[in-house]
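User: I have a structure to go through. Can we take its charged side chains step by step?

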Amino acid sequence: MRELKHLNKYLKKYWAKLLIGIIITIIARIFQLVLPSYVNKSITVVENFMQSTIDKPLAKELLLQYILIIVGAALLSGFFTFLMRQTIIYVSRYIEFDVKNEIFEHYQLLNLGFYKKNRTGDLMNRISEDVNQIRMYVGPAIMYGIQTLTLFACLIPLMFIKAPTLAAYTLLPLPILSILIYQISKVIHKRSTVVQEYLSSLSTFTQEVFSGVSVIKAYTMEPQIHKELTVLAIDGKEKSMSLAKVNAWFFPLMVLLIGISNITVIYVGGQQYIDGKIGAGLIAEFILYVNMLTWPVAIVGWLTSIIQRAEASQKRINEFLKTEPELKNEVPTNNTNPIQGKIEFKNVTFTYGDTDITALKNISFTINDGETVAILGKIGSGKSTILDLISRLYDVDSGTVEVDGVPIHKINLTQLRESIGAVPQDAFLFSDTIKNNIKFGKYGATDQEVTDVAKKAVVHENIESFSKKYDTILGERGITLSGGQKQRVSIARALLKDPEIYLFDDCLSAVDTETEEEILNNLKKASQHKTTVIVSHRVSSAKNADKILVLDQGQLLQQGTHEELNSVDGYYKDLYEDQLLEKEI
């Protein structure tokens, strides 16, 4: 249970409710223990009446009294059992809530490289299925575990007090059971881990299939995907059956051992009754004791399985929780200064850790606050990497990135990102209304503000043409909209945020040139006195910028205004003439 120590902080957090639940559990079990002894007394009354040692009215009175006590104890036991579930099971739900929040908050701290290395389905499975296994441990496992311990602690001494020899014979199978449970539990732990890993693979596979269903249909890959799922399902079935086969040993073994205990009570107790050492009522009492132990003994196997599954799940969760964020906010939130927007790269070199591709090689340039700078270059030249470094989605390998003359790692990360409005090339929209997707840039924005920025992004007319207008629900990742519409909604979101720095990453690639020109004019008005960085493949998006940077294979090839770069031979002039010719054609 080494991995489960992580949950101790939550058990301490809810210790008062857990303690109340444990006390209630003990009380409920104690009331349950009343029944066997009064059954013994009731049988003894009948025996005494048959032997004429008490008269009939007294026998009836005593029987009625004992029956009322049995019924009352049963009702009280049931009531306290209800209260027990209302405390311990509630605590398990609180802990489930806390653990999910802890995992999710940690996910948010991890950098982009983490998400490139780990699959979405696996991340989802750890925060759902694995946490559910933990909830079973801190809820039902604790509850039934306390019940079992209470019954063992009360019943076994009681049995030895009343009939030591009979108790010894009756409880003889229990040590054998303990050894078997220990051996089987080790196998369960290994197979539980395998099953949980399989569930992650299944979640990843199905998530990717649902996300890429349009590609699957376009390439008529449905039969192949079905075959792959069949193979995965068969593999999962074998793993689950392997675990189920081990679990299946528990209940038959326990029923067998409990049956042996019952036979022992009848045989040994019968001999002692014949010898006049005990009464018939005591035999009945011991049979009830044995059957009261049936569920607790049987539950030991189930509890072992729950604990082993929880251990395996917590281990998988701990793997991620122990992953340290590569990007750390080194500046307290109260130690902040307003960001103006001046950006400077000084001999910056950056290599992606997952691919070992050096995206930038000793890059140096300055963007003054309020300037509009365009970055051009071929695919893979490092344009988008510059925007990622400005947002501090990654840290540089060497050199420094400065904002307002301060190294970027010495700026409060939250404040830095709050001052940036980023529009990626592959615009991501949530499965929500168009209005709420735009409001993602500024929570609490009015409908009028949403409409104004949609007009600036030249997407208002498109939205108005939908039957539900701004209340149109988008499909996953905005699949309801065209590529150009998604880009423009994403631009509207950034404009609504009204930040000090705009970062546009080729976000007009899916719109026509006329719409592009209209949007650029609107952006120029909206971003006055704002630092704006535009990454593009089109000269038309860059020619009106205050400065143009031309990249090639991670190096700064050219920089200057449109007129300056177009007056000399080089990459920019060639690109401008080629695109001008294409437009004329």
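User: Is Asp 235 buried, partly exposed or exposed?

Analyst: This is a predicted model, where local features need pLDDT of at least 70, side-chain atom pairs count only at pLDDT 80 or more, and totals for chains, interfaces and linings use all residues. Residues are numbered from 1 along each chain as its sequence is written, and side-chain values use heavy atoms, with hydrogens and water left out. Buried means under 20% relative accessible area, exposed over 50%, and partly exposed in between (1.4 Å probe, protein chains only). Asp 235 has a relative accessible area of 29%, so the residue is partly exposed.

User: Which residue forms a salt bridge with Asp 235?

Analyst: A salt bridge is a side-chain nitrogen of Lys or Arg within 4 Å of a carboxyl oxygen of Asp or Glu. Here the closest N and O atoms are 2.7 Å apart. Both partners sit in helix H11 (residues 222–247), 4 residues apart, about one helical turn. Helices are DSSP runs (H or I, at least four residues), numbered from the N terminus. The partner of Asp 235 is Lys 239.

User: Arg 93 and Glu 96 meet in a salt bridge. What is the relative accessibility of Glu 96?

Analyst: Both residues lie in helix H4 (residues 56–109), 3 residues apart. Arg 93 is partly exposed at 43%. Glu 96 counts as buried, and its relative accessibility is 12%.

User: How many salt bridges does the structure hold?

Analyst: Some are linked in a network, which includes Lys 435 and Asp 447. That pair has its closest N and O atoms 3.6 Å apart. For the structure, the count is 17.

How values were computed. Helix = DSSP H or I, 4+ residues; strand = E, 2+ residues; numbered from the N terminus.
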